[in-house]
Structure formats: structure tokens, C-alpha cells
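I am opening a notebook on this structure. The entries below record what I looked up, in the order I looked it up.

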Amino acid sequence: MKNNSIKNVVAVGIGAALFFVLGRFVQIPSGIPNTNISVQYAILGMLATMYGPVAGALIGFIGHTLIDLSWGGAPWWSWVIASTAVGAFVGFLGKKIPLSEGTFGKKEIVTFAIINVVANVVAWLVIAQGAMAAVANSVTAVIIGALLCAAYSKTIAGKGSLDKE
């Protein structure tokens, strides 16, 4: 249990840092004021799936707060809360995906996509009232996030994959 706690703390630290760096410095303009296509939601989706709702919520909260603070103003709390909600929701439902066991096939990709789309649409439309953010974050979470999950799953040895010689 203790080792798992350490992994979660490290995941939150690395995840929040990646969320911040990607959100602050890797932005694609959407044409809508104060709204960019943000690739950090792919990292949030993957790490929330791997480490659960608490880690996902903390990554979204810390990462988004740091992004807003780095612009020199106060955090835009409705958007910070939306990122927190996405991380928590994806983490809660994403635990059904056995990503840490190296399993990420068609069924898991579809599940990952549905969870991320629902999380982003609900969070961004209900909490932050950002329709463009709902669409853009869903697309980046599903496409880039699924690619990251698939690549990660390939690094995990599956059960029974090692033969005794």
C-alpha cells in the first residue's frame, strides 16, 4: 500500500508538471478568445486512467491552477474546477481499463474514448460553459490520449507472456 501511495504522489507531481508545461507552452489557437486546443488533456486522461480519480483530480487542479497563475492573473476557477472534474471522472471510470496490465485493445480504446468525451463535455459545458473547450479537449484526449495509452501498454509485459526456458 505504501509503495502505491508513493507512485500516486509521483504521478501527481509529474502529471501536474506535464499538464502545466503542455498547457502553457503547447497551445493551438482555436479562433475563440481565451480558448486554445490543449494537448494536456491527453496526459490527464492517460494518468487519470492509470492512477485513479484522486490523482486525476489533483493533476487537473494543480496543473490548471499553475497555468492560470503563470499568466500573471488569478486562476479562472470555473475552468480549474472543470479540469479537476475531468481528471476525477476519467480516473473513476477509467480504472475499469486494465492499462497498467498492458491491455489496451479495441474495447479499451472505445471505453477510453467514451469516458473522456463524456467527462470533457459534462465538465466544460456544465461547469465552465466552454463549448469549444469541450470539443477540443475531447478530441485531443481521445486521439492523443489513446495513442499514448496504446504506446504505454506495449511497454508492459502481459500476464503469461514470459515463457520459462
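Entry 1. Is the crossing of α4 and α5 right-handed or left-handed? I am working from a predicted model. I find that α4 and α5 cross in a right-handed way.

Entry 2. I looked up how this pair is arranged. Two packed helices are described by the angle between their axes and the distance between the axes. For α4 and α5, I note that the axes come within 9 Å and cross at roughly 155°. Angles over 145 degrees count as roughly antiparallel, so α4 and α5 are roughly antiparallel to each other.

Entry 3. I listed the residues where the two helices meet. On the α4 side they include Ser78, Trp79, Ala82, Val86 and Phe89. On the α5 side they include Ile115, Ala119, Ala123, Trp124 and Ile127.

Entry 4. I turned to α5 itself. Helix α5 covers residues 106-127, which is 22 residues. From first C-alpha to last I get 31 Å, close to the 32 Å expected at 1.5 Å a residue. I noted its buried residues, among them Glu108, Phe112, Asn116, Asn120 and Trp124. The buried residues of α5 pack against α2 (40-51), α3 (53-70), α4 (77-94) and α6 (131-154).

Entry 5. I followed the chain past the end of α5. Ala128 sits in the loop between α5 and α6. Is Ala128 buried or exposed? Its relative accessible area is 10%, and the cut-off for buried is under 20%, so Ala128 is buried. With residues up to four places away in sequence not counted, I find Ala128 touching Ser78, Trp79, Ala82 and Ala123. I also checked Ala128 against Ile114, 14 residues apart along the chain, and their C-alpha atoms are separated by 20 Å. Gln129, which follows α5, has a positive phi near 55°.

Entry 6. I went back to α4 for Thr84, which is found in that helix. A polar atom of the Thr84 side chain lies 2.8 Å from the backbone oxygen of Val80. Leaving aside neighbours within four places in sequence, I have Thr84 in contact with Ala57, Gly60 and Phe61.

Entry 7. I ended with α3. Helix α3 has 18 residues and reaches 25 Å from its first C-alpha to its last, close to the 26 Å expected at 1.5 Å a residue. Its buried residues include Ala57 and Gly60, both of which I had noted as contacts of Thr84. His64 and Asp68 are also buried in α3. Just after α3, I read a positive phi of about 90° at Gly72.

Note on methods
Residues are numbered from 1 along each chain as its sequence is written. This is a predicted model: local features need pLDDT of at least 70, side-chain atom pairs count only at pLDDT 80 or more; totals for chains, interfaces and linings use all residues. Side-chain values use heavy atoms; hydrogens and water are left out. Helices (H or I, at least four residues) and strands (E, at least two) are DSSP runs, numbered from the N terminus. The expected span of a helix is 1.5 Å times one less than its number of residues. Buried means under 20% relative accessible area, exposed over 50%, partly exposed in between (1.4 Å probe, protein chains only). Contact means heavy atoms within 4.5 Å. A polar contact is a pair of N or O atoms within 3.5 Å; within protein, one must be able to donate a hydrogen and the other to accept it, and residues adjacent in sequence count only if both atoms are side-chain atoms. Axes are lines fitted to C-alpha atoms, for helices over the stretch in contact, and angles run from 0 to 180 degrees between N-to-C directions. Angles under 35 degrees count as roughly parallel, over 145 as roughly antiparallel, 65 to 115 as roughly perpendicular and the rest as oblique. A crossing is left-handed if the near helix is turned anticlockwise from the far one by less than a right angle, and right-handed if clockwise.
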